[in-house]
Amino acid sequence: MRAIWKGALTFGLVNVPVKVYSATEDHDLSLHQVHNKDGGRIRYQRVCEIDGEIVPYADIDKAYDDGERTVVITAEDVASLPAERSREIEVVEFVPTEQIDPLLFDKAYYLEPDSMSPKAYVLLRETLQNTDRTAIVRFSLRQKTRLAALRVRGDVLVLQTLLWSDEVREAAFPALDAPVKISDKELELSASLVDGFAADFEPSAFVDEYQQELRTLVQAKLEKGDAFDTAETFGEAVEEGTGGEVIDLMDALRASVERNRAKRASGE
């Protein structure tokens with residue numbers, strides 16, 4: 001892994017030098033666009049609307065237009081901002097972990113100690129674990145001020161950027177305002193169904209089936225070209241349900257519970 005940022009994690013007068021690494025990566029198969037008529041590659045170019053020339057990325061600045069005036073913001077302008085110059089991840093507060101809504105979580109980063117002695121890093125890690133609190137921090141990365149949650153994952157401090165409160169939409173659905181009566185029997189059957197699917201979460205047990213099938217498709221077309229046959233590669237298509245609303249909820253719950261019991265009894 002390559003560090004994308006270096007600085008210091010600070011809380012009070014404690015200074016913890018760290019390196020920041022992206023904790024996740026995209027596993028999707030890389031595809032590009034082509035013309036379906038002749039297979040020609042479709043390319044996007046940055047063309048100046050005044051002189052019609054293709055502009056190198058290095059020669060591109062940004063601008064803001066308020067409808068009447070336009071102001072150009074150069075890379076030097078951005079670099080001069082105090083927040084952009086800062087190399088600190090500042091701890092603002094320590095909050096109970098359960099108070100952070102998972103809806104706010106965005107991108108995750110690993111923090112590596114960047115000093116001869118990792119003592120301050122380990123001290124902060126152990127403190128977070130022992131107090132069951134998460135540190136809320138502020139820092140700047142890639143021309144944005146970030147709010148983030150600093151938490152522990154194994155032996156590593158993880159920085160999880162958070163969405164700002166005004167970036168989360170309000171969920172307002174009129175259908176949920178209507179009163180709904182749920183019977184005790186429905187709750188009992190629903191709980192039984194949940195119990196039938198109960199398990200400990202193991203992320204490695206799940207795979208991206210779409211990407212696996214896409215790679216199989218690509219390989220089959222590389223090997224067979226126009227002779228490629230979907231049924232031969234993936235099997236005959238199975239007719240899917242309509243996904244419509246279930247009219248009789250009780251019948252659906254009972255059938256689901258019985259089917260799940262049968263599957264567990266057969267060891268599937």
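Reader: Where does V218 lie?
Author: V218 lies in helix 5, which covers residues 209-224; helices here are DSSP runs of H or I with at least four residues, strands are runs of E with at least two, and both are numbered from the N terminus. This is a predicted model, in which local features need pLDDT of at least 70 and side-chain atom pairs count only at pLDDT 80 or more, while totals for chains, interfaces and linings use all residues. Residues are numbered from 1 along each chain as its sequence is written, and side-chain values use heavy atoms, with hydrogens and water left out.

Reader: And how does V218 count at 32% relative accessibility?
Author: V218 counts as partly exposed at that 32%, since buried means under 20% relative accessible area, exposed means over 50%, and partly exposed is in between (1.4 Å probe, protein chains only).

Reader: OK, changing topic, how many salt bridges are there?
Author: A search of the whole structure finds 7 salt bridges, each being a side-chain nitrogen of Lys or Arg within 4 Å of a carboxyl oxygen of Asp or Glu.

Reader: Which residue does E90 pair with?
Author: E90 forms a salt bridge with R138, and their closest N and O atoms are 3.7 Å apart. Because E90 lies in strand 5 and R138 in strand 7 (residues 133-140), the pair ties together parts that are 48 residues apart in sequence. E90 is partly exposed, with a relative accessible area of 35%, and R138 is partly exposed as well, at 39%.

Reader: What about K185, what separates it from E188?
Author: K185 and E188 are 3 residues apart in helix 4 (residues 184-196), so about one helical turn separates them. They form a salt bridge, with the closest N and O atoms 3.7 Å apart.

Reader: Now the rings, how many aromatic pairs does the structure hold?
Author: The structure holds 3 aromatic pairs, where rings of Phe, Tyr and Trp (its six-membered ring) pair if their centres lie within 6.5 Å, and planes under 30 degrees apart count as stacked, over 60 as edge-to-face and the rest as tilted. One of them is F11 with F94, which is edge-to-face at 6.1 Å centre to centre and 85 degrees between the planes. That pair links distant parts of the chain, with F11 in strand 1 (residues 5-11) and F94 in strand 5 (residues 88-96), 83 residues apart.

Reader: Why is the pair of F201 and F206 tilted?
Author: The planes of F201 and F206 are at 35 degrees, with the ring centres 5.9 Å apart, so the pair is tilted. F201 counts as exposed at 63% relative accessibility, and F206 counts as exposed at 58%.
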